[in-house]
Structure formats: C-alpha cells, structure tokens
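Welcome! Please take a look at the structure below, and then we can walk through a few of its details together.

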Amino acid sequence: MVISGTPDMLTLVTAEMENPAPYHLLTSVVAPRPIAWVSTISAAGVPNLAPYSFFNAVAGFPPTIMFSVAYRRSEPKEKDTLINVKEIGEFVCHVVDESLAEAMVKTAVDLPYGTSEFDAVGLKTVPATEVRPPRLEAASVAMECRVTQIVPVVGATNVMVLGEVLRFHIRKDLYRSDLGLVDTVQMQPVTRLGGPVEYTKIGELIRLQTPKSLA
C-alpha cells in the first residue's frame with residue numbers, strides 16, 4: 001500500500017487502502033471546504049435542513065453551484081435532501097458563519113424522515129421568494145436555487161446535485177456595492193477540514209494578481 005518514492009514522500013495506492021481511509025485522506029487534502037447548508041422541502045410540505053461539505057461553485061453564467069449527497073448507511077438509503085430535490089427540484093443554500101456553526105453541526109444528526117431540523121434545533125425560517133423550500137432567517141447569505149442536474153457519481157454512493165442560483169439574499173453590511181462582491185472576511189465563513197470535528201475560520205487575506213504575460 002505504501003511505497004516510498006523519495007526519502008521525504010509517501011505514495012499510497014487507493015485500491016490497496018482499507019475503507020474509509022481514502023475518504024479521510026481526501027477530505028484532509030481537499031481543504032478547507034465550504035459548507036452548503038441546504039434547505040429543502042418534501043412533497044408533504046415538511047422542510048429539511050442539512051450541511052454538506054462537498055460543495056462549490058461550478059459555473060458563473062448562469063450562476064450554478066453543486067453539492068454532493070452520500071447515501072445513508074441505514075434505511076432509507078437516500079437522504080432526505082436527495083429525496084426532496086428529486087421531488088421538488090428546488091433548494092436554498094446558506095453560508096455557515098461563525099455565529100451559526102454550533103447550530104449547523106446539530107442539523108447533521110440523522111433524524112427520521114419527515115422530521116424538520118428547523119424545529120428540532122429551534123431555527124426560524126422566512127419564506128423564500130423564487131422557490132418553495134424556506135430560507136433560514138439567521139443566515140447572512142442565502143441562495144435560492146432551481147435544480148438543473150442530478151448526477152450519480154460513478155462507483156460511489158454519492159449523488160451530485162447542481163442548481164442554478166435564481167436569487168441571492170445578502171446582509172446589507174456585507175455587500176461591497178462598488179465591486180458587486182461580498183466582503184468574505186466580514187462574512188466569517190466556517191469551513192470543513194479532514195477530521196470529524198475539524199473546522200476552520202477564514203485566515204489571512206492575501207492578494208495575488210495574475211500577470212498579463214510571463215515575458
């Protein structure tokens with residue numbers, strides 16, 4: 001499994017590693033990862049809220065984001081979020097900031113299908129504008145999304161959900177109107193690292209400009 005190519009490097013063959021070792025290694029390498037705190041709603045009208053750290057932006061025109069949902073280890077196999085986006089085709093993605101970190105981890109608890117994490121954790125909602133799932137009132141940034149693709153990941157128990165952002169909700173003091181950007185440092189996002197309890201806050205801001213040429 002482990003081959004030392006050079007004195008200071010290890011080479012690990014994933015096919016020879018025991019599960020879940022490749023997963024743990026990958027999530028510590030691909031880090032920090034932003035957290036999509038996703039609200040959905042069932043066909044019966046029950047809202048759901050869950051965090052996903054396999055999440056990122058994938059397109060700018062139209063603005064499109066993705067998050068990846070893994071199957072449950074117990075029945076039912078599909079997680080509530082996946083069931084709901086298949087039925088309704090909409091979701092709201094919230095940024096997890098430092099003030100919401102403790103509430104976020106509580107919504108990661110595996111509750112029975114049909115249970116609202118909003119109610120279980122005591123989180124207030126407000127109606128979304130473009131979609132049916134509710135928006136988390138306390139979130140400083142939220143994106144209302146329409147599902148555009150649901151893509152099973154080959155060989156994995158993950159399903160990738162892509163959604164077009166139809167509307168942004170941004171706390172006024174975070175919006176840099178001169179640039180059309182959010183002040184990410186002031187937003188105070190919490191991101192995921194490799195270990196089961198390892199998260200991080202945003203670090204030092206550095207500025208790097210791509211040169212016009214290498215000449």
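## An enclosed strand

In this predicted model, strand β3 (residues 36–41) is largely enclosed by the rest of the structure, because six of its six residues are buried. Both of its faces are covered: A36, V38 and T40 are buried on one side, and W37, S39 and I41 are buried on the other.

## Partners of β3

Strand β3 runs antiparallel to strand β4 (residues 47–52), and six bridges join the two. One of the pairings to look for is W37, whose bridge partner in β4 is P51. The hairpin of β3 and β4 has five residues between the strands, and there G45 takes a positive phi near 90°.

Strand β7 also runs antiparallel to β3, with four bridges joining them. Here V38 has C93 of β7 as its bridge partner.

Searching the whole structure gives zero disulfides. C93 is in none, and its nearest cysteine sulfur, that of C145, lies 6.2 Å away. That distance is too far for a bond, because a disulfide needs the two sulfur atoms within 2.5 Å.

## A buried glutamate

E90 belongs to strand β7 (residues 90–95) and is buried, with a relative accessible area of 13%. A polar atom of the E90 side chain sits 2.8 Å from the backbone nitrogen of R132.

Methods: Residues numbered from 1 in each chain as written. Predicted model: local features only at pLDDT ≥ 70, side-chain atom pairs only at ≥ 80, totals over all residues. Heavy atoms only, no water. Buried < 20%, exposed > 50% of the residue type's maximum accessible area, 1.4 Å probe, protein only. Polar contact = N/O pair within 3.5 Å; in protein donor to acceptor, adjacent residues only side chain to side chain. Pairing = 2+ DSSP bridges.
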